[in-house]
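Welcome! Take a moment to look it over, then read on.

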Amino acid sequence: MIKIFIAVLVLNLSSTILPQKLTKVELDSLYSLFTYVKGVSTSENMQQQFEEHPEITKCGLGLVTTIKEYLSNFSIEQQNVLTKLLTRPTTEKSITTSNGFFRVHYDLTGSNALGYDLNLLLQALDSVYNFEISYLNYPTPPSDGSEGGDDKYDIYVQNLGGLYGYTQFETKVADSRWTSYMVIDNDFVGYYSTGIAGAQVTVAHEFHHGIQSGSYAPQSIASPFRSEDLFFYELSSTAMEEFVFNDVNDYYAYMPSYFQHPERAMPMHDGYNLAIWNIFLQKNFGFEILKNQWERIPTTSAIKSIALSINSFNSSFRYELNNFGLWCYFTGSRAISGRYFEEASDYPIITPTAIMTFNSSSQTYELGLYPTSNYYLRINLPNNDGVFNSIISNSDWQKLKLMIQRFLKSSFSIFQRYNSRMKNYK
């Protein structure tokens with residue numbers, strides 16, 4: 001019988017976020033992507049990328065905000081096109097939700113025609129408001145005055161060519177407060193979550209973006225969020241989909257990229273694949289820890305906010321990152337009913353960062369450990385004695401900015417000890 005041993009270890013490490021500078025090639029790429037999803041241009045190559053990388057199609061928050069921030073860097077011709085695409089759409093009709101907070105703008109004809117039940121969309125929006133505002137007690141996004149026809153929060157239904165939706169920030173009205181509106185796809189045909197299911201998770205996701213920079217935008221910069229913290233905005237909004245609409249599970253589509261590369265630092269992920277981090281925290285500490293993080297964001301980086309919020313709940317980032325690694329091990333066929341993630345059996349199996357063979361009385365393995373990450377080392381033991389799995393965590397969030405693109409060289413040693421009754425591996 002194959003025996004499996006699991007060891008969990010915690011180390012401290014670090015990482016670097018470099019200032020973002022966009023080259024002409026990068027600007028052209030952003031232009032091509034945005035004009036494609038807005039239906040201005042077509043591209044078989046872009047369609048193929050969307051199909052192969054579903055995270056590209058999830059949320060356009062970073063795309064739209066980056067284009068607005070760097071608008072003057074595009075060519076004059078590109079600026080003219082982008083300026084038109086960044087304005088609020090014009091639609092045939094609009095309607096308010098029963099609670100009177102949202103106004104939905106939509107078409108019944110043409111390429112933007114609504115492709116799912118309008119009443120179900122209105123119900124979904126009320127559910128989102130009831131959960132995120134009434135139940136979790138997040139503050140409502142600030143009013144946009146008369147934009148969109150009145151002071152209600154606007155949702156525009158448009159054909160987005162593969163993008164689920166995006167939140168567009170407009171005006172900074174006070175410290176940490178930006179007005180916004182959202183744009184969502186008109187039918188979600190061909191998406192991981194189609195029709196009204198796609199609409200449900202999208203409005204839950206995008207409205208949380210509206211809340212995030214509606215009350216928790218950074219105070220020290222003229223932007224609704226720090227670019228290095230985008231992963232945190234996305235993991236928070238993707239997890240919110242699961243909290244509001246538990247039965248849809250759109251976040252399953254993005255999980256494989258995390259389970260294939262758990263050794264990457266948190267900011268190196270897109271965030272959609274890290275929704276399980278907030279699901280993990282909520283399961284262990286409740287929703288208040290997540291709100292506690294957002295209350296720190298105006299003056300504190302995302303990673304530091306995460307670490308400090310965990311401290312305030314009488315634990316540590318060091319412990320929880322390693323514990324999270326253990327939770328991520330017991331998924332798929334390894335899932336244990338009643339323990340760890342509730343939906344663990346539907347999750348992928350973690351991919352070992354390295355697989356090595358133990359073939360002597362003692363052996364040392366050289367490792368490259370990124371900050372805020374978990375390194376899964378699988379060691380095959382000799383003579384069919386089983387497998388030794390180690391989860392090695394780098395929890396040094398304090399040095400993250402110094403080493404985001406680098407890893408710390410470290411080593412892991414294992415030896416075997418014999419006695420008269422049994423063989424032990426240490």
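A polar contact is a pair of N or O atoms within 3.5 Å; inside a protein, one of the two must be able to donate a hydrogen and the other to accept it. With that in hand, note that this is a predicted model.

**Thr 238 and its surroundings**
- Thr 238 sits in helix 7, which spans residues 230–244.
- The side chain of Thr 238 comes to 2.7 Å from the backbone oxygen of Glu 234.
- With a relative accessible area of 0%, Thr 238 is buried, because buried means under 20%.
- Beyond its neighbours within four places in sequence, Thr 238 touches Lys 58, His 205, Tyr 251, Tyr 272 and Ala 275.

**The nonpolar cores**
- The largest nonpolar core holds 92 residues, and Leu 121, Ile 276, Trp 277 and Phe 341 have the most contacts inside it.
- Helix 5 (residues 118–135) supplies the largest share of this core, with nine residues.
- A second, separate core has 21 residues, including Tyr 36, Val 37, Leu 63 and Val 183.
- Setting aside its neighbours within four places in sequence, Ile 276 is in contact with several residues, among them Tyr 251, Met 255, Phe 324, Cys 328 and Phe 341.

**The cysteines**
- How many disulfides are there? The count comes to zero, with a disulfide taken as a pair of cysteine sulfur atoms within 2.5 Å.
- Cys 328 is buried at 0% relative accessibility.
- Cys 59, at 6% relative accessibility, also counts as buried.

Definitions and conventions: Residues are numbered from 1 along each chain as its sequence is written. This is a predicted model: local features need pLDDT of at least 70, side-chain atom pairs count only at pLDDT 80 or more; totals for chains, interfaces and linings use all residues. Side-chain values use heavy atoms; hydrogens and water are left out. Helices (H or I, at least four residues) and strands (E, at least two) are DSSP runs, numbered from the N terminus. Buried means under 20% relative accessible area, exposed over 50%, partly exposed in between (1.4 Å probe, protein chains only). Contact means heavy atoms within 4.5 Å. A nonpolar core is a set of buried Ala, Val, Leu, Ile, Met, Phe, Trp, Tyr and Cys residues joined through side-chain atoms within 4.5 Å.
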